Structure formats: structure tokens, C-alpha cells
Amino acid sequence: MNPGLQYPIFGPEIQCPHCRQTIPALTLTDTYLCPRHGAFEANPDTGELIHLQSGRHWRRWNGEWYRQHTHPDGIRFEIHEALDKLYTQGYRATKVVIARRYQELMSGYLERSTPWRSGQPESTAARLYGLPVEFSPDSTEEPCWEVINFDLDKEPGVPIRYPYFRLFE
């Protein structure tokens with residue numbers, strides 16, 4: 001028997017998407033078992049890892065796991081955590097690029113300029129946490145966007161008047 005066929009599609013071990021510790025595959029199954037987070041099942045048809053307890057789906061790009069969101073709060077929370085992390089590293093975000101596959105899901109949750117309040121000319125630019133939002137190129141042009149959820153453009157410095165900055169004060 002081919003030893004490669006004894007393990008799920010990601011090999012004999014992976015890093016847990018939650019805690020990043022190395023977890024083993026269960027031989028002759030499509031399952032990985034984390035002592036802290038339980039079982040994850042690898043789906044060879046979709047290339048996804050599914051956390052059996054929560055039903056959350058994960059996909060891998062360049063060795064990193066990315067949760068695949070079905071609700072806008074999940075991606076908004078993930079972006080907020082990334083902004084938090086940038087701040088602790090001495091950076092501020094200047095723009096959020098969200099995967100195009102989430103455009104419809106996120107459309108009702110993005111802030112829009114209201115010229116009658118701001119005195120600015122009308123703008124259709126969407127914002128999230130005070131940052132301009134763009135949607136990624138199509139995943140056929142850049143395949144990473146089929147898996148990753150967002151990217152933050154950043155620069156050194158502390159956030160200036162971003163709504164998420166108030167959370168740190």
C-alpha cells in the first residue's frame with residue numbers, strides 16, 4: 001500500500017487553524033485531531049478543512065489557513081483583529097482590500113459617505129472602520145483571492161482618527 005494514501009490530502013500532519021500547533025492526521029481517515037480544538041476533516045473534493053464541532057471551513061494558501069466566511073460579522077471581526085495587530089506592531093492601515101467573493105456579503109455593512117453631513121462632495125467610496133475599501137481582482141486573474149479574505153495596505157505610525165483607534169484609548 002502506498003504510504004501517501006494512508007493520510008488525508010494535506011499529509012501526515014498540519015498546523016491547527018486555531019492554535020497553530022502541529023496536529024497529526026488519523027491514519028486511513030480524512031481527519032486531523034487537535035487536542036485543544038477537536039477534529040478537522042479534510043475534504044479532498046474542495047480542498048477545504050472543516051472543523052467538525054463548529055462547521056467552520058478553512059482553505060490553505062502558501063502554508064497558511066484562511067477561514068472561509070459565510071456571514072459578514074466573521075470577516076469584519078477578522079479585519080478588526082488584523083487592525084489591532086497592526087497597531088501593536090507600530091503600523092496604521094491605509095486601505096482594506098477585500099476578496100471580491102465577499103462583495104455581496106459585505107455590501108450592506110460598509111460605511112458610505114453622506115455629503116449632507118460631511119460637507120464633502122458625494123463619494124461612492126465604501127469604508128470599513130474608517131478605512132477606504134476596495135475589492136480584489138477576480139480570482140481568475142489572481143488565484144490567491146479564491147482563498148485569502150482581505151489584505152491591508154499599511155504604513156508606519158499610529159492610526160489617526162480611525163473609529164477602531166478609539167478602542168485602544
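**Salt bridges in a predicted model**

Visitor: How many salt bridges are there here?
Guide: The count comes to five salt bridges. Keep in mind that this is a predicted model.

Visitor: Start with D73. Which residue does D73 pair with?
Guide: D73 forms a salt bridge with R76. The closest N and O atoms are 3.0 Å apart.

Visitor: Where do D73 and R76 sit?
Guide: Both lie in helix α1, residues 72-88. They are three residues apart, about one turn of the helix.

Visitor: And how accessible is each? What are the values for D73 and R76?
Guide: D73 is partly exposed at 41% relative accessible area. R76 is partly exposed too, at 23%.

Visitor: Switching to R92. What does R92 meet in a salt bridge?
Guide: The side chain of E155, at 2.7 Å, N to O. This pair links distant parts of the chain. R92 is in strand β8 (residues 91-98) and E155 in strand β12 (residues 150-156), 63 residues apart.

Visitor: Is R92 buried or exposed?
Guide: R92 is buried, with a relative accessible area of 17%. That is because buried means under 20%. E155 is partly exposed at 32%.

Visitor: What about K95? Which partner does K95 have?
Guide: K95 forms a salt bridge with E134; the closest N and O atoms are 3.4 Å apart. K95 lies in strand β8 and E134 in strand β11 (residues 131-135), so the pair ties together parts 39 residues apart in sequence. E134 is partly exposed, at 39%.

Terms used: Residues numbered from 1 in each chain as written. Predicted model: local features only at pLDDT ≥ 70, side-chain atom pairs only at ≥ 80, totals over all residues. Heavy atoms only, no water. Salt bridge = Lys/Arg side-chain N within 4 Å of Asp/Glu carboxyl O. Helix = DSSP H or I, 4+ residues; strand = E, 2+ residues; numbered from the N terminus. Buried < 20%, exposed > 50% of the residue type's maximum accessible area, 1.4 Å probe, protein only.
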